[in-house]
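Below is a colleague's note to read beside the structure, written as numbered points. Please keep the model open and find each residue as it is named.

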Amino acid sequence: AVAGATGGVGTTSLAVNIGCALAKRPENSVALIDLDLALGDADVFLDTIPDYTLVDVAQNIARLDFNLLKRSLTKHSSGLYLLPRPIQLQDTALVTPDDLHRVIGLLKATFSHLIFDLSKGYSELDMVAMQAAEHVLLVTQLDLPCLRNVVRLLMSMDEMDGLKDKIRVVVNRVGLENGQISMKKARETIGREIYKQIPNDYRVMAEVRNNGVPLVDGAPRAGLTQAILELADSLCG
């Protein structure tokens, strides 16, 4: 599960590109579920126009088998399967936590890896996904508002059953500007180690995002791509 300390820290960029990195390996079958039901844009990152969304799958879960489920997801050329957010804003209320539990159960039986791109609201659906996940990446940047939110979120998550040991703090856009807080100060502020650091490369990320291609295809040799590949390896072996 990929969560953000605030909006705009790059959670969707990481979720999509970790998913595509894992899906490139022929032994893996990977699905990305966009849980930002109002403003999710994983489909834009992958330049896809899905036929079905999370609402369609949730409402028909009792009738789906493995093959029908795969056909309900949108397959990207990287091999990644996408289950996107609903098209209509008014449909966001149609997916309940129980629905998502059932969807996750079928997805777990169908795919080797699931990636949840969470909303910034830490909704009930986000909590279901975090409980189901093996790892929860908490993505932040090296500025005070983000790090203060990390502290708040860690305090809350530490009190939730089964979450404390799953949290991995990932610092995105390292080297963004001279005014960033130091990594040493960030560790002191949040009171735990930084799991991974992802370097800032706005030009490369903006280019692949605007072209709707993942980093592994659009910029395979970039340092940013290599850092995300290493992150995927460290999570999944």
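1. A word on the basis comes before the details. This is a predicted model, in which local features need pLDDT of at least 70 and side-chain atom pairs count only at pLDDT 80 or more, while totals for chains, interfaces and linings use all residues. Residues are numbered from 1 along each chain as its sequence is written, and side-chain values use heavy atoms, with hydrogens and water left out.

2. Helices (H or I, at least four residues) and strands (E, at least two) are DSSP runs, numbered from the N terminus. Buried means under 20% relative accessible area, exposed over 50%, and partly exposed in between, with a 1.4 Å probe and protein chains only. Since 13 of the 13 residues of α1 are buried, the helix is largely enclosed by the rest of the structure.

3. T11 lies in α1, which covers residues 11-23, and at 3% relative accessibility T11 counts as buried. When its neighbours within four places in sequence are left aside, T11 is in contact with V2, A3, G4, D117, K120 and V139, where contact means heavy atoms within 4.5 Å.

4. The next points concern spaces in the model. On a 1 Å grid over the protein atoms alone, a cavity is a set of points where a 1.4 Å probe fits but cannot get out, whereas a pocket is an open set with protein on both sides within 12 Å along at least five of seven lines; lining residues have an atom within 4 Å of a point. Grid points are joined across faces, edges and corners, and a volume is the space filled by probe spheres set on the points.

5. The largest pocket has a volume of about 390 Å³. It is lined by 18 residues, of which H113, L114, E134, H135 and C236 are the closest to its centre. Two or more lining residues come from each of α1, β5 (113-117) and α11 (223-236), and β5 gives the largest share, four residues. By class, this lining has 13 nonpolar, three polar and two charged residues; Ala, Val, Leu, Ile, Met, Phe, Trp, Tyr, Cys and Pro count as nonpolar, Asp, Glu, Lys and Arg as charged, and the others, Gly among them, as polar.

6. The second largest pocket holds about 240 Å³ of space.

7. Which residues line the largest cavity? They are V16, N17, F45, V208, R209, V213, P214 and L215, and they divide into six nonpolar, one polar and one charged. Both α1 and α9 (202-211) supply at least two residues of this lining. The volume of the largest cavity is about 40 Å³.

8. Helix α8 (residues 183-190) has M183, A186 and I190 as its buried residues. They cover an arc of only 55° around the axis, which puts them on the same side of α8; the arc is that of the directions from the helix axis to the C-beta atoms. These buried residues pack against α7 (144-158), β7 (167-174) and β8 (196-199). After α8 comes G191, whose phi is positive, near 75°.

9. F111 sits in the loop between α5 (97-110) and β5, and at 6% relative accessibility F111 counts as buried. Leaving aside neighbours within four places in sequence, its contacts are S29, V30, A31, K70, L73 and Y81.

10. D47, with phi near 50°, lies in the loop between α2 (42-45) and α3 (54-59) and is exposed, with a relative accessible area of 59%. R173, with phi near 60°, lies in strand β7 and counts as partly exposed at 23% relative accessibility.
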